[in-house]
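Trainee: Could you show me how to read a metal site in a model?

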Amino acid sequence: MAIALKFGFTPLARPRGVLIMFCEENLKFGPASQRTLSLVGDLVRRAAAADRFSGKSGSSLEIVAPAGLNLPRLVVVGIGKESGLKPQDLVKLGGIAMGKVPTAAATATIFAEFGSGGLKGDQVAELALGARLRAYTFDLYKTKRKEDEQRPDKIEVNFACSNPGAAEKAWSRGGAIADGVVLARDLVNEPANVLYPGEFARRVSGLGKLGLGVEVLDVAAMKKLGMGALLGVGQGSVHESKLVIMRWNGGKRGVDPIAFVGKGVCFDSGGISIKPAAGMEDMKGDMAGAACVVGLMRTLAVRKAKVNAIGAIGLVENMLDGKAQRPGDIVKTMSGQTIEVINTDAEGRLVLADVLHYVDKRFKPKFMINLATLTGAIIVALGQEYAGLFSNDDKLAERLTKVGDATGERVWRMPLGPEYDKMIDSKFADMKNTGGRWGGAITAAQLLQRFVNKTPWAHLDIAGTAMGSPQSDINKSWASGWGVRLLDRLVEDYYER
Ligand code: BES
Ligand code: MN
Ligand code: ZN
């Protein structure tokens, strides 16, 4: 029962449905807003005084059935000061505005105007992106609705702006980003009985129609390649492991691609080192890294990004079974290095060890960025506000930090270094898959690095940011789709030509 949301871009006149306007501090409205509000006399001023509303950032004023305007509702959203608003602030304001559309409303108009006048096309698209993300719900499995949750089947939102044509054009890009985030959220929210490796791979294959090349490697193919670490994780599941490779060739022919790698553990029970029962259901989201890579590749394809990009996701289910791998088992990775499995719950690094090596060797990418809900330790270190960033390349790390600040999907760099290596020394193999309680996110990253040669590489530990995050202005759902906006921006700002 997903709602159909239709966005339109219209001139700054004749609003329909719920009307949402922005104002700066001291009730400063733009000219078109003032013209429309002149129909209600001093209503807004009196309502604002009664509610002590002055236009502070994030505050709002709601007037039901405003006399003089033939509209069900007028909402004013405060933006504080217009100067200094960053793109990410506009996305947020779009989310706040959308949040003011009552669930029962079928039509709304958002006046895309601040104190100084109508917004530029790309600014309107930023508002629309926030609105789209805010409107996202995942209710595929709700067959009933409570009285107060009744929604119309279709919602039409019009962005009234000074240059509808420019806004529409900018939205062709913004919409591609929104759809990528929505896809990532959908995949993460899906339960693991529905979204197991085979089904995940099937859904990615469906993206072929957008011009993405999709290749699915099955267990036999991975055995041939010697991917003993990835295969060891999946061997206790009734669902066959898969490795999916996506390619987008939007750049110059023959130019080395950039590569994104995702952890796709469709369910992480912990395996024989089983997790405690409380909260284990969240581990259906342990494929959020893979979901982000898929959402990003979709965005790049739809907006026809001028870049050659590879997306690779290792899809497995980590289960308990007579065939499951045991603590103490030693697996051989495709790179030839061996790993002693001390704890079967440290499975993400085993999957990534093989996928990173494979991508590095086969595609010789300009850089590799992997995303993984890898460790609880990163949540202990950073909470849910920042993802952990580990990198062997200062330039790549700096760029990720910059686009993180620009999109609001922020990363915090963590250390790597040979001093940590002894923590993953094994008595029997080249290394072990856990490094003890201290610095757990770092020793995990340190292991990943052993499967990357000289290629510039970054690892984003998104265990804290991908799901279950505090609800924000642009997300009310469990899954956040974290990383799609960040990486799309990285590609646009630095790698498109
Ligand atoms: N998927 C988990 C990490 C995780 C925890 C993601 C919470 C999202 C929310 C990962 O596979 C895991 O179990 N890591 C262990 C590693 C430990 C056994 C060394 C952890 O963090 O406890
Ligand atoms: Mn685990
Ligand atoms: Zn896991």
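Mentor: We shall take the metal sites in turn. This is a predicted model, in which local features need pLDDT of at least 70 and side-chain atom pairs count only at pLDDT 80 or more, while totals for chains, interfaces and linings use all residues. Residues are numbered from 1 along each chain as its sequence is written, ligands are numbered from 1 in the order in which they are written, and side-chain values use heavy atoms, with hydrogens and water left out.

Trainee: Which residues coordinate the zinc ion (ligand 3)?

Mentor: Donors are N, O and S atoms within 2.8 Å of the metal (3.2 Å for Na, K and Ca), and sites may look incomplete because water is not among the atoms. Here the zinc ion (ligand 3) is held by Lys263 (NZ), Asp268 (OD), Asp286 (OD) and Glu347 (OE), at 2.0 to 2.4 Å.

Trainee: What makes the arrangement around the zinc ion (ligand 3) octahedral?

Mentor: Six donors count as octahedral if opposite donors are over 155 degrees apart and all others between 65 and 115. The 6 donor atoms around the zinc ion (ligand 3) subtend angles of 78 to 174°, which makes the arrangement octahedral.

Trainee: Where does Asp268 stand between the zinc ion (ligand 3) and the manganese ion (ligand 2)?

Mentor: Asp268 bridges these two ions, which lie 3.1 Å apart. The manganese ion (ligand 2) is also coordinated by Asp345, through O and OD, and by Glu347 (OE).

Trainee: Is Asp268 buried or exposed?

Mentor: Buried means under 20% relative accessible area, exposed over 50%, partly exposed in between (1.4 Å probe, protein chains only). Asp268 is buried at 2%, whereas Asp345, at 23%, is partly exposed.

Technical notes: Four donors count as tetrahedral if all angles lie between 85 and 135 degrees; four count as square planar and six as octahedral if opposite donors are over 155 degrees apart and all others between 65 and 115; anything else is irregular.
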